[in-house]
Amino acid sequence: MTTSPLARLLIIEDNEEVLRSLKKYFTKKNYDVVTASNGLDGLKVYENDQDGFDLIITDLVMPNISGVAIISLVKKKSPQTPVIAITGWGEHPEALATEAQADLVLEKPIELDRMDRFISDLLKKK
Amino acid sequence: MSPSKIKQKAPAIIGTSQAMERIKDLISHVADTGLNILICGESGVGKEVVAQNLYQESPRSSRPFLKINCAALPDGLLESELFGHEQGAFTGAERKKRGKFELADGGVLLLDEIGDMSIALQAKLLHVLQSGEFSPLGSEKEVHTDTWVLAATNHELEEDIRHDKFREDLYYRLNIIKILIPPLRERPEDIPHLIEHFVNEYAYQFQAGRINIPGNHMIAKLCEYHWPGNVRELQNILKRGFALGNWDEIIDELFRYAPASIPSSGQSAGAMGRSASVSSLSGLDYRTLNLDDISLKDITRAAQGRVEREVISFVLEKTGWNRSKASRILKISYKALLYKIKDLNIIIPH
C-alpha cells in the first residue's frame, strides 16, 4: 500500500553525491523529491513547476546561480515557502543566506535525521 | 555629464557552443532579478557584451547604463568617480561632482576590472552594496542609490582572496550570480559564426562588395588558432583582412608567433628564453592590435601564463607528475600548484 507523500521538496545541489543521498533519504522518508544539479536548472524547475513546492533545500555555493540568488528569488515570489540553505565547510556566504531570509542554514556534513526533524518543524509552522 | 537615455540595442551574443547557449539562457533568466552579477573571463571574451545584454533585457533598460574601469584610474580618482565629491573636498575639487552611483540611480553600473580595485575602495563598495547608501567625498550625508551592480573581471578572484588582494565578503556579495565566459580556444565551433557576424557588420561599414572575405580554407585555419586575445583579437585580425585581403600573410603571421608546444624533456626553459620575443612569449602579436587595444597588463599576464605553463609542465614531466615533489622544486605551495595546473589547463599525459 502506498501512502500519499508528506510534502513536495525541491533540492538544488551541485555535488552529485550529496544530491543523490539527499534524494534517496527523503524519498525513503515519503517525501516527493524533485532535484536539480545547479542553480540555473533549479530556478527553471521552480519557475516552470505547476504544483508548487512545500519546501526548498539549496546549496549556497554553486556555479552560475548561487543558493543566495535562489533564496532571494523564492522568497520574493512566495515568502511563505520555507528554504533551507546548506553550505560547505569553510565557505562563508551564510550571512548573505540569512539576509536573503533563508529559514535555516546548515553546514555540511549534513546529519540527515536532524535535517528531517528541521523539515518537519518548518512544514508544521508553515 | 548627463547619462545617455537613448535606447541602443545590445550587441548580439554570437555563438552556438553549449557554453554560449548556456550564457544566453542564464541572461534571460536573471536579467530581471536585480541581483548582483559577476561576469568572469579572459580579456577580449566579451564581458561587456554580456553586461549590455543583461541591461537591455532588464526592466531598467530605459534607465542609464554606466561603466567604469577600476584598473584605469588611480585610487583617489576612482573613489571620486564612483561616489562623487563636494566642492572643496580636496585640492582641485572646484565644484561639486556627482558620482557614478548617483548617476546610475535606477539603472545599471558596470564595474569593469573589479579585481584591480584597492582593498580600501573594496570596503566602501561593500558598504554601498550592503546598505544602498554612500557618502560623496567631503560630505557627511549618506546618499541613497538604487543601482544594479554588475562587476567584470579577468582575475581569478578566489586566488586573489587567498593572497589578501580581494575581500571575501565582497566576493560573495558580488558573486550572487556568476557568468563565466570561456576563452575562444575552448569553443572553436563559435569562430565561423563570429566571422560571419563580423563579415556582415563590416560589409555594411566598408560598403557592400568592397570587403575581402576569407575563403573556407582560411576560415578552417582561423579555427585552429588559439586566440589568446579572444574575440577582440579575432575581430582585429578580421578587420585587417577585410581591408587588405592578404589572408595568407595574416595567417602565416598568426601561426609564426603562436607559442611552441610544451618542451620535450631535453629542452630547458632557459634555452627558449634566449630567442623569445614578446609575441612568442605572450602568444599575442600586439603589432596586429589597434593601439587602443594594447594593454601592457594583458600582454604581461599572457606571457606569464605561458612561462608558468612551460616551466610547470617541464617539472611535472621530470618528477613523473609527483605534485608534492614538483611544488617543492618550484618553491610554491602544493595548493598553489594544484590551482595553477587547473588554471593553466595542464593535462596529465596518458
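Which residues touch the most other members of the largest nonpolar core? The views below show a predicted model, in which local features need pLDDT of at least 70 and side-chain atom pairs count only at pLDDT 80 or more, while totals for chains, interfaces and linings use all residues. Residues are numbered from 1 along each chain as its sequence is written, and chains are lettered from A and ligands numbered from 1 in the order in which they are written.

**View 1. The largest nonpolar core.** Leu9(A), Ile71(A), Ile39(B) and Leu150(B) touch the most other members among its 90 residues. Helix 3 of chain A (residues 67-77) gives the largest share, six residues. A nonpolar core is a set of buried Ala, Val, Leu, Ile, Met, Phe, Trp, Tyr and Cys residues joined through C-beta atoms within 7 Å; buried means that 20 or more other C-beta atoms lie within 10 Å of the residue's own, with C-beta atoms placed from the backbone. Another core, of six residues including Phe314(B) and Leu337(B), lies apart from it.

**View 2. An open sheet in chain B.** Its five strands have the order 2-5-8-1-9, with parallel pairing. Strands are DSSP runs of E, at least two residues, and helices runs of H or I, at least four, numbered from the N terminus; two strands pair if DSSP finds at least two bridges between them. Strand 2 (65-69) and strand 9 (177-180) of chain B each have a single partner strand, so one side of each lacks a neighbour in the sheet.

**View 3. Strands 5 and 8 of chain B.** Four bridges join strand 5 (residues 108-112) to strand 8 (residues 148-153). Leu110(B) has Leu150(B) as its bridge partner.

Notes
A residue is buried if 20 or more other C-beta atoms lie within 10 Å of its own, exposed if 12 or fewer, and partly exposed in between; C-beta atoms are placed from the backbone.
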